[in-house]
Amino acid sequence: MSDNLLHVKDVETYYGNIRALGGVEVEVKRGEIVCMIGANGAGKSTLMMTICGSPQARTGSVTFEGQDITRMPTHEIARLRIAQSPEGRRIFPRMTVYENLQMGASLDNLKYFNEDVEKIFTLFPRLKERQSQRGGTLSGGEQQMLSIGRALMARPKLLLLDEPSLGLAPLIVKGIFAAIKKLNEEEGLTVFLVEQNAFAALKLSHRGYVMVNGKVTMSGSGRELLANPEVRAAYLEGGHH
Amino acid sequence: MEYFVQQLVNGLTLGSIYGLIAIGYTMVYGIIGMVNFAHGDIFMLGGFAALIVYLVLVGLFGGIPIALALFIMILVAMVMTGLWNWVIEKMAYRPLRGSFRLAPLITAIGMSIALSNFIQVTQGPRNKPIPSMVSSVYDVFGISISLKQIIIVVVTAVLLTIFWYIVNHTPLGRAQRATEQDRKMAALLGVDVDKTISITFIMGAALAAVAGTMYLMYYGVIVFTDGFTPGVKAFTAAVLGGIGSLPGAVLGGLMIGLIESLWSAYFTIDYKDVATFSILAIVLIFKPSGILGRPEVEKV
């Protein structure tokens, strides 16, 4: 248990009276890439936001580095170095690309900003070209890169990615996934991502979970899930074959 | 021509005061989408704080240099008024955050009444005069410019520059803008949203306190109802310039100051408020979001 970076245990989350998560159990170990696949509305994004305390879980617990963060305010969770590229990307529309990246680095008061921003620009050269442009004027793919770049600027111990492939051209998805893999292999970055694009996500991940209607129904290594007939039938068939 | 320029100078002075108050309206509106109707009374409170500080200083030190006295007045008024607004936000507005939109608005109106009554009860209902602190008047090419006017315009310009720098080029300003644009995302990046909103209220109040001090010095008198009219004018300025926009608030303030003084100079003074609000109405018909305001629709 001690190499667990994140442990989500029996978490139930509600929006008003509607239960969005019904007892979710997820573990992410240091240095892993873990994915959660599932259909639209299964509760994947709710899980991501619940980890960050917005909304907070009604029952169950979220533990990060052995510390219970279930009732912690969102900004304090962020300060533990959990960075998220959330659903809908949530770029600050009236800030420049550069300022959006500065926001990502605000935990350290921009101490490592110059060094880190160069890395982001190497990873996503497009952002460098667009650095003085307002976030709201970027294309969907550029916003996705910015959202991931902004999360990376926080020097996260855990990177949460909500549908990094959503709405992007396959070539860009490939680029983004390659970048994630590289960060994981070279810098040991721990990543937890949720995806509808099951094939690409499972291929990238060490382990995966399947979520249906707010519950985890299956888990296993990326390879196992890829080979699993049920997963194939529900999420893969007709997609990439 | 000289008469016209003279009116420009007067209008600029008045407009500076409006602009300083308008910033408080526009910032609070920008960050939590609420019109803080008590802001005019915060301005009035700042004037009273400055007056009290003046009386204390004169009582203690007698012939204290005017420049030093003014500096201390502004500083203490800023701190005291900022503290007031911090408490008001925490106690009256924060608990209502997330409830329906009218709730904080009504609370703000109540707070406005409470503040002016509080001053009426504690300071008395009569006009409170302050001896003329600076009385030099300079003659520049036939236009008389008083030292008071110079002080007001210079102090305003300096404060606005500092303020503009804070909002656009410091981590605090970035956090404020981030909170304004997407509160949830700001929190995900480690911004303490509650604290940022508190600081915004404190900053707005501090500028209003400076405006209050300037107003007191300029007119030489203050009374508990003085929050209302300048407050409404400054709110008008914020709307005219485009509520939520900082340069808009300053521009709107200057415009209203100029309209008032020019109208008073060439037409009947009784109708100066009619003129001001007519122009507001006309501008809003053609540009509903104000002169520098952004349209509500945004690319998602």
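**Reading a two-chain model**

Me: Let's start with a salt bridge. Which residue does A:Lys29 pair with?
Reply: A:Lys29 pairs with A:Glu27 in a salt bridge, and their closest N and O atoms are 3.9 Å apart. Keep in mind that this is a predicted model. The cut-off for a salt bridge is 4 Å. A:Lys29 has 25% relative accessibility, so it counts as partly exposed.

Me: How many salt bridges are there over all chains?
Reply: The count over all chains comes to 21. Three of them are between chain B and chain A. In one of these, B:Arg177 meets A:Glu99, with the closest N and O atoms 3.0 Å apart.

Me: What about B:Glu180 and A:Arg94: where do they lie?
Reply: Their side chains also meet in a salt bridge, at 3.8 Å from N to O. B:Glu180 lies in helix H6 of chain B, while A:Arg94 is in the loop between strand S6 (82-85) and helix H3 (97-104) of chain A, so the pair joins two chains. At 24% relative accessibility, B:Glu180 counts as partly exposed. A:Arg94 is buried, with a relative accessible area of 17%.

Me: And B:Arg94, which residue does that one bridge to?
Reply: B:Arg94 bridges to B:Glu89, with 3.0 Å between the closest N and O atoms. B:Glu89 is buried, its relative accessible area being 1%. Through shared partners, salt bridges link B:Glu89, B:Arg94, B:Arg97 and B:Asp194 into one network.

Me: How do I read the interface as a whole?
Reply: The size of an interface is often given as the accessible area lost when the parts come together. Here the area buried between chain B and chain A is about 2,200 Å², and carbon and sulfur atoms give 57% of that. In terms of contacts, 21 residues of chain B touch 27 residues of chain A. Six residue pairs between the two chains are in polar contact.

Me: Which elements of chain B give two or more residues to that side?
Reply: Those are helix H6 (171-181) and helix H7 (183-188) of chain B. H6(B) gives the most, with seven residues. The residues on the side of chain B that touches chain A divide into nine nonpolar, three polar and nine charged.

Me: Now a helix. How far apart are the end C-alpha atoms of H9 in chain B?
Reply: They are 20 Å apart, which agrees with the 20 Å that the 14 residues (228-241) should span at 1.5 Å a residue. Ten of those 14 residues are buried, so H9(B) is largely enclosed by the rest of the structure. Among the buried ones are B:Pro230, B:Lys233 and B:Leu240. The buried residues of H9(B) pack against helices H1, H2, H8, H10 and H11 of chain B.

Me: What should I look for in the backbone?
Reply: Most residues other than glycine have a negative phi, and most peptide bonds are trans. In this model, the bond from A:Ser54 to A:Pro55 is cis, with omega near 5 degrees. A:Pro55 sits in the loop between helix H1 (44-51) and strand S4 (59-64) of chain A.

Me: Is A:Asn213 buried or exposed?
Reply: A:Asn213 is exposed, with a relative accessible area of 69%. A:Asn213 is not a glycine, yet its phi is positive, about 45 degrees. Look for A:Asn213 in the loop between strand S9 (207-212) and strand S10 (215-221) of chain A. A:Arg155, not a glycine either, has a positive phi of about 50 degrees.

How values were computed
Residues are numbered from 1 along each chain as its sequence is written. Chains are lettered from A and ligands numbered from 1 in the order in which they are written. This is a predicted model: local features need pLDDT of at least 70, side-chain atom pairs count only at pLDDT 80 or more; totals for chains, interfaces and linings use all residues. Side-chain values use heavy atoms; hydrogens and water are left out. Helices (H or I, at least four residues) and strands (E, at least two) are DSSP runs, numbered from the N terminus. The expected span of a helix is 1.5 Å times one less than its number of residues. Buried means under 20% relative accessible area, exposed over 50%, partly exposed in between (1.4 Å probe, protein chains only). Contact means heavy atoms within 4.5 Å. Buried area is the accessible area (1.4 Å probe) that two parts lose on being put together, summed over both. A polar contact is a pair of N or O atoms within 3.5 Å; within protein, one must be able to donate a hydrogen and the other to accept it, and residues adjacent in sequence count only if both atoms are side-chain atoms. Ala, Val, Leu, Ile, Met, Phe, Trp, Tyr, Cys and Pro count as nonpolar, Asp, Glu, Lys and Arg as charged, and the others, Gly among them, as polar.
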